[in-house]
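Hi everyone, thanks for coming. Please have the sequence and the model open while I talk, and stop me whenever a term is new.

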Amino acid sequence: MRGLKYQLKSVSRDKFCLMTFLLPILVAVALNFMGSIDLSTLGELHFGVLENDLSPQTVTWLERYGPVMAYQTPEELTAAIKEPSTNVIGVNANGDSIKTAISGDELDIFQQAAATLPALYEQRAEAELVKVLTLERPDILESFQYIFIPAVLIVAMFMGCTFNAMNIISEKEDGVAFVNEILPMTPCQYILQKVVVGFLFGSLSSIITACICFQLSWNHWGLMLALILLSSFVAALIGLFTGKLSEGLMIGVVYIKIIMLVFIAVPVLCALIGVSGPLAVVCNIVPSQPAFDGIMALSAGNMGTAAKDAGILTVHAAAWFLLYVLTAAPRRHR
């Protein structure tokens, strides 16, 4: 118990672990926030006109295509058109028609709109006879969120790997690892002491992230919790191996980045490519693949696939635990 208290104290001193813990939560909040923003307004046309220059009917016609801002002087209108952060199209009266003015640094779509607008205005009577079907505007981020959210959860589950690896590396550099070699602990006690904190913090970060991102039924939450706990446990065990194999801090950071890249890249590529058959079975060797697949299955309401992936993670947890006990845990003498 005293060893666990020591591990908990070290968390507050390790900014790298704290960042890994908080980052998925912040990203989850950002994804939910971004999902509520209508980004399509960035593509709207914006017009600038002079006061009392255009007829009210012309201004009303322009407002069908975008907001219209009236300026008191030509200088103010010119300044608004030349402002680099905007795509304002200047519109002035030109006899019975109109003429447009742009700065030239706008996107192609706005330049084409400015060039077409006078001709469209002259043919406005014929254009009103055309029947226009307005389609529902899709959410830009909706097609990507099904990948973003499971990827964020994978990062949260990875927290245990990061903490355990950095903890063992710091013990090596401080000489604490030599003391651990002679302490009266069995391999299972040593693994428990090293795994628990990384496992708990990784699970907590993942649960908070899942609560922010998902609205699941109680049955689905049971499977989600199983996926989170098993994935966090496997990640914590992999962190022990990473710490043991790392000879120094820089090497450990490189190993952690490589593992994180593999953990994220494999399931994301499988989802994008649509891997199936024997190759999908091979990809399950990477623990994050069944976790990712199970989370996506739960979000789609597929309980059977999620239960299968939880079973694969159970096999991973047992295999990594036995492998560490047999090979990596230090021998103890009572």
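**A walk from a loop to the helices**

Let's start at Asn52, which is found in the loop between β1 and α3. Those labels count helices (H or I, at least four residues) and strands (E, at least two), which are DSSP runs numbered from the N terminus. Before going on, please keep in mind that this is a predicted model: local features need pLDDT of at least 70, side-chain atom pairs count only at pLDDT 80 or more, and totals for chains, interfaces and linings use all residues. Residues are numbered from 1 along each chain as its sequence is written, and side-chain values use heavy atoms, with hydrogens and water left out.

Is Asn52 buried or exposed? Asn52 is exposed, because its relative accessible area is 79%; buried means under 20% relative accessible area, exposed means over 50%, and partly exposed is in between (1.4 Å probe, protein chains only). Asn52 also has a positive phi of about 65°, although it is not a glycine.

Glu51 sits in the loop between β1 and α3 too. With 44% relative accessibility, Glu51 counts as partly exposed. Which residues does Glu51 touch, if we do not count those up to four places away in sequence? They are Ala70, Tyr71 and Gln72, where contact means heavy atoms within 4.5 Å. Now find Thr73: between Glu51 and Thr73 there are 8.0 Å in space, C-alpha to C-alpha, and they are 22 residues apart in sequence.

Next, the sheet. Four strands make an open sheet with mixed pairing, and their order is β2-β1-β3-β4. Two strands pair if DSSP finds at least two bridges between them. At the edges are β2 (68-71) and β4 (97-101), each of which pairs on one side only. On average, and ignoring direction, neighbouring strands of this sheet are turned by 35° against each other.

Follow β3 (residues 88-94) for a moment. With β4, strand β3 pairs in the antiparallel sense over five bridges, whereas β1 and β3 run parallel and are joined by three bridges. Look at Gly90: its bridge partner in β4 is Ala101, and Gly90 is itself the partner of Gly48 in β3. At another spot, Asn94 stands opposite Ser97 in β4. The hairpin of β3 and β4 has two residues between the strands, and in that hairpin Gly95 takes a positive phi near 70°. How many of the seven residues of β3 are buried? Five are, and β3 is mostly covered.

Helix α5 (residues 108-122) lies across β1, β3 and β4, running at about 175° to β4.

Tyr65 has its place in the loop between α3 and β2. Tyr65 is partly exposed, with a relative accessible area of 31%. Leaving aside neighbours within four places in sequence, Tyr65 is in contact with Leu45, Phe47 and Leu120.

Now a pair of helices. The axes of α12 (residues 249-273) and α14 (residues 288-299) come within 8 Å and cross at roughly 50°. That makes α12 oblique to α14: angles under 35 degrees count as roughly parallel, over 145 as roughly antiparallel, 65 to 115 as roughly perpendicular, and the rest as oblique. Residues that meet here include Phe263 and Val266 in α12, and Phe292 and Met296 in α14.

Thr209 is buried, with a relative accessible area of 0%. Among its contacts, leaving aside neighbours within four places in sequence, are Pro24, Ile25 and Val152.

To step back, the protein has 15 helices and four strands. Buried residues make up 41% of its 334 residues. Among contacts between residues at least 6 apart in sequence, 71% join residues at least 24 apart.

Key: Axes are lines fitted to C-alpha atoms, for helices over the stretch in contact, and angles run from 0 to 180 degrees between N-to-C directions.
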